[in-house]
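User: I've got a model open and want to learn how to read its features one at a time. Can you walk me through it?

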Number of protein chains: 2
Amino acid sequence: MYKINTNYQKLPGSYLFSNIAKKVNAFTEAHPEADIIRLGIGDVTQPIAPAMIEAMHKAVDEMGDAKTFHGYAPDLGYAFLRDAIVAHDYQARGCDISADEIFVSDGAKSDSGNIQEIFSVDNRIAVCDPVYPVYVDSNVMAGRTGVYDANTQMWSNVIYMPCTAENNFVPEFPKENPDIIYLCLPNNPTGTTLTKDQLQEWVDYANRIGAIIIYDAAYEAYISESNVAHTIYECQGAKTCAIEIRSFSKNAGFTGVRLGFTVVPKDLVCDGVSLNGMWARRHGTKFNGAPYIIQRAGEAVYSDAGQAQIKEQVGYYMNNAKTIYTGLKDAGYEVYGGINAPYIWLKTPDHMTSWDFFDFLLEKANVVGTPGSGFGPSGEGYFRLTAFGSYENSVRALERIKNL
Amino acid sequence: MYKINTNYQKLPGSYLFSNIAKKVNAFTEAHPEADIIRLGIGDVTQPIAPAMIEAMHKAVDEMGDAKTFHGYAPDLGYAFLRDAIVAHDYQARGCDISADEIFVSDGAKSDSGNIQEIFSVDNRIAVCDPVYPVYVDSNVMAGRTGVYDANTQMWSNVIYMPCTAENNFVPEFPKENPDIIYLCLPNNPTGTTLTKDQLQEWVDYANRIGAIIIYDAAYEAYISESNVAHTIYECQGAKTCAIEIRSFSKNAGFTGVRLGFTVVPKDLVCDGVSLNGMWARRHGTKFNGAPYIIQRAGEAVYSDAGQAQIKEQVGYYMNNAKTIYTGLKDAGYEVYGGINAPYIWLKTPDHMTSWDFFDFLLEKANVVGTPGSGFGPSGEGYFRLTAFGSYENSVRALERIKNL
């Protein structure tokens, strides 16, 4: 008689964004006339820019011609894309990363969820709190997190590193040594980040205690301050302690196109075993490459035209961020983020819980945001708004919130 | 100090097709003038047919316009595709499968590798021998397979069900009860299949002993005989014991396009837990949907034009299969498969080992095939040729083999 993986049953409720979708659907059914503005899920709204559209049309045509048809892609990605990534994202920043350390995938969410597989189930993870839910949930499914306490909303075997206004959203080194440390910088959901010097301290710490850092840099393109690292490999020693996960979703609007990559340096060796080789084996066994058409779109992101176009798009969203940030501040809200990331993180007014404020905002302003508590216990009393809507909707949402 | 998942270290050598690629690359470097014909890896060679090309161009244009842009897809796939799948692949065959039992993915390899995650590590798997390597390897990585014996090439905790000429490639019920049974029908690599009546016996067996069948139907489009089931849900009772994995790679040439789906019936319940819900949770946590553009291509596969075009393509490959099968038989080879599948499975001549025959064929005929032993111990002494090359190359390869 077969048995299920009972770790799944430990997961409380459903995935955060599924919950939000259900609440919004219920509200829409009850109020079909409501003009809802969605600043909840971090999904982009600007169309794919022309350079990438052109590249995809060309690749589609290639797929329709026997002479230029492409079947199975190389497991780890096409050389044209891996080479472009290396040149632009690493070598141009003085980071010695080579193409055989790049693993192209169908997106950062898959990689964030799957990367834990190559580590022992005995490893103890540390996460910033609040945090993108995938890190913890994928470790719950693997049986790494112990028991869930519904009161504290914490797992017994997870090390939480609170990031709140009290510590300026800079996590402290945990009292107990973790084995795997998840860092998402610039941060989702708080929109804050660390300086390069602060990140260097984390790299030194990880090397000192023999921990590995899973570094999620999905929001790298939104960095506007010069003292912030665009990749963890700008820090000395990161190649012996860090895996970096990157996405095309937020810099080029690929949320519905699906492309990402993970960097596993060859210097990452544990008990004589190369993590690069392990991840290659995982890719070779459980993945069959990102679509050729999509990889060509990724290549176009690195063309001169592509770079100019995505810079403009990121600028558009960051203008929204500034507008929301400033507007909320002027209205008396306590707000964070929005400078190196497309997220605005606000304190709920009048000590409302995050979900109460979600309901309040949905009902009174028809604006959808994301409850901070959905990202972890220290997110309680906070709320996330994204800058990924249109400028017009950002302004309208702001007006409605101000008028509450 | 972090530790790795040591199950990975148990895997012998590298993935079969990576090994073949290395051997072929080495040969090509030594003999740059060699005109190599590749009938090894099961990759298609015909271009994507016009209906799908047109659908992708249209979808690319939609992605370039704010009014029709699509961001994150629904976790489980767009309704337009799930509805088309249900109508065409299930309801038209009298199978009561609904859209919320369909999970669209980036391909059958991902699903084949990932599906084991929702089951307990204690479960014991049974596989046909020979078999597509992903089933066993993904279970090795999860720690479900025990110890590997290099002599027998068998895992201590895997139940092998030999499929050889001696039993007409029909597996027998194992002596010990398995928990999870992998069946790939029509079969990769042998190209053989079971009749619907034989499959019904497996469904009855699974229901009787409380096992679950992971049914990989990637080659369904190649079925030519009327007494063969196109989906396991044609069998009575399959909805309480079977998950079905399907692919667009072989029916529509999507190996480089990447699209597949898995059917998890709501009737699959274990200790009160819905497997459908578990798989939905996995999708929601570790996957972000197949690209919109690709899902539109999948929809076009079910259009009248798409159906006519892929039927022609499948016919083209099956004509290759017939040509190879008949030619080898005429040349005195012992051959199987090729009637309901695009694979020809042959006995190596003169009791050569599979890898010896691989080397022999590569060196003497410059033809690449796949050693049967790479698919499991009972594949030793067999060899796989695919019908996925061009007709011209199939004929040329055959001539070369005949002349050996």
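Analyst: Gly42(A) is in the loop between β1 (37-38) and α3 (50-63) of chain A; helices (H or I, at least four residues) and strands (E, at least two) are DSSP runs, numbered from the N terminus. Before going on: this is a predicted model, where local features need pLDDT of at least 70, side-chain atom pairs count only at pLDDT 80 or more, and totals for chains, interfaces and linings use all residues. Residues are numbered from 1 along each chain as its sequence is written, chains are lettered from A and ligands numbered from 1 in the order in which they are written, and side-chain values use heavy atoms, with hydrogens and water left out.

User: Is Gly42(A) buried or exposed?

Analyst: Buried means under 20% relative accessible area, exposed over 50%, partly exposed in between (1.4 Å probe, protein chains only). Gly42(A) has 6% relative accessibility, so it counts as buried.

User: Which residues does Gly42(A) touch?

Analyst: Contact means heavy atoms within 4.5 Å. Leaving out residues up to four places away in sequence, Gly42(A) touches Lys250(A), Tyr343(A), Arg384(A), Thr386(A), Phe388(A) and, from chain B, Tyr72(B).

User: What does UniProt say about Lys250(A)?

Analyst: UniProt positions are given in the numbering used here, feature names are shortened, and annotations may be inferred rather than shown by experiment. With that in mind, the unreviewed entry lists Lys250(A) under "modified residue: N6-(pyridoxal phosphate)lysine". Lys250(A) sits in the loop between β9 (242-247) and β10 (260-263) of chain A and is buried, with a relative accessible area of 6%. Its side chain reaches the backbone oxygen of Gly42(A) at 3.2 Å; a polar contact is a pair of N or O atoms within 3.5 Å, and within protein one must be able to donate a hydrogen and the other to accept it, while residues adjacent in sequence count only if both atoms are side-chain atoms.

User: Which residues come under the "binding site" annotation?

Analyst: The unreviewed UniProt entry gives Tyr15(A), Gly42(A), Lys109(A), Tyr132(A), Asn188(A), Asn288(A) and Arg384(A). One of them, Arg384(A), lies in strand β17 (residues 382-386) of chain A and is buried at 0% relative accessible area. The side chain of Arg384(A) makes a polar contact with that of Asn188(A), at 2.6 Å.

User: Where is there a cis peptide bond involving Asn188(A)?

Analyst: Look at the bond from Asn188(A) to Pro189(A): it is cis, with omega near 20°. Pro189(A) belongs to the loop between β7 (180-184) and α7 (196-209) of chain A. Over in chain B, a cis peptide bond joins Leu185(B) and Pro186(B), with omega about -10°.
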